[in-house]
Number of protein chains: 2
Amino acid sequence: MATILREADVNSGSLYHFFPTKESLLIGVLERYQRLLRPIVMDPVEKVTDDPIGRVFVLLDWYRSGMLRAQCKLGCPIGNLALELADNHPDVRRLADANFIGWTEAVKQWLIDAGDRLPSHINRGELAQMVLNTMEGGIMQSRARGEVAPFDAAVRQLRHYFDYLERDAKGAPPDATRQPKRSNRSRRSRRRT
Amino acid sequence: MATILREADVNSGSLYHFFPTKESLLIGVLERYQRLLRPIVMDPVEKVTDDPIGRVFVLLDWYRSGMLRAQCKLGCPIGNLALELADNHPDVRRLADANFIGWTEAVKQWLIDAGDRLPSHINRGELAQMVLNTMEGGIMQSRARGEVAPFDAAVRQLRHYFDYLERDAKGAPPDATRQPKRSNRSRRSRRRT
DNA sequence: GTCTATAAGAGGATAGAC
DNA sequence: GTCTATCCTCTTATAGAC
């Protein structure tokens, strides 16, 4: 609280007038994150490419840039709160969950947009959750490592999974090469490592 | 500290005699976790089955049981510390990383043991990291949700990826059914949901 | 609604006898 | 090595004038 008051150049009384407790301020922050997800994160990603599967990896690359900028510190604010406060603060837990759901729903829509490029038997919602796991897990390991390499490894494996999925959806022709082909996007992303 | 002193029924002076600071106590805990990984976690899992890929999913199911026992609270202690303390406590960061590395190295060995059941072009170390991502990401989402369902979804998608990998390693016969087959283990795990 | 000053309490750590 | 008592700082929150 003291840091916030100092950085915002606000006096104690003013802040407590609007947010009576520390928790209520955090609730406000989480509600704001929820509102800003589309305009700040998803819309810009969608502007980069129309390719729905490409968007998934543009999104992951966007987070990668953030990690680099922060030297693999800070991490995902929602993930941090989920692990630190979910157990003892029901309202925070609910809002963190809502943020996760908003994120995965946006990714899920892209995966739905991918249509028959993904096998029909694949649950788009679960696959979107796996994208989130890749991001959060990659961030967690990268923060522990102090390097972005674990994040890159996570994205590579996810890309590999998508390669299988796309090959499967195409009917897995018997003459397909064993080594799944790489899209331009994934190769570009790897070059930056 | 007060909680630890109370729960351990130890007096302040005694604890501070061995661990001069709060951080030094945490270091001791992390070193202990590292030592106990094999005897407490990996060895019991290896006793359940000789099947190297099966072991991966037995391990995940072991964490699932832990989540249920704790009603989706608590989570992974290493993951919690990685997100909360990695930035400002270099020694904690290093030991959290060492714990992750110990974990993934054990899984990596299983994946190496799987031999030609997995494609040769797959990096076993990266795949082991993906298993860790599945666990940590699944736990994070399950804590935010307050239910184990996200963890189960994460494991299902990982299982699906392994299905592709195993099919690929077999040579992806043209007459393979499109729906990848499920192993007994993964079906049993699903039944418990 | 905002200001300054401060209350109230938790938390980590220490002193010094035994 | 262990005991009791306590210091001291940091942190959240409030009081009351303006």
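Biologist: What makes the crossing of H8(A) and H8(B) left-handed?

Modeller: In this predicted model, a crossing counts as left-handed if the near helix is turned anticlockwise from the far one by less than a right angle. H8(A) and H8(B) cross in that left-handed way.

Biologist: And why is H8(A) called roughly perpendicular to H8(B)?

Modeller: The axes of the two helices, residues 149–169 in chain A and in chain B, come within 10 Å and cross at roughly 65 degrees. The label covers 65 to 115 degrees, so H8(A) is roughly perpendicular to H8(B).

Biologist: Which residues make that contact?

Modeller: On H8(A), they include Gln157(A), His160(A), Tyr161(A) and Tyr164(A). On H8(B), Gln157(B), His160(B), Tyr161(B) and Tyr164(B) are among them. The residues of this contact divide into 6 nonpolar, 4 polar and 4 charged.

Biologist: What shows that the same surface serves both copies?

Modeller: 100% of the contact residues of chain B recur in chain A. As for counts, 52 residues of chain B are in contact with 52 residues of chain A.

Biologist: How much area do the chains bury between them?

Modeller: About 4700 Å², with 51% of it on carbon and sulfur atoms. Leu83(B), Met140(B) and Gln157(B) supply 15% of what chain B buries against chain A, more than any other three residues.

Technical notes. Residues numbered from 1 in each chain as written. Chains lettered and ligands numbered in written order. Predicted model: local features only at pLDDT ≥ 70, side-chain atom pairs only at ≥ 80, totals over all residues. Heavy atoms only, no water. Axes fitted to C-alpha atoms, helices over the stretch in contact; angles between N-to-C directions. Helix = DSSP H or I, 4+ residues; strand = E, 2+ residues; numbered from the N terminus. Parallel < 35°, antiparallel > 145°, perpendicular 65-115°, else oblique. Contact = heavy atoms within 4.5 Å. Nonpolar A, V, L, I, M, F, W, Y, C, P; charged D, E, K, R; others polar. Buried area = accessible area lost by both parts, 1.4 Å probe.
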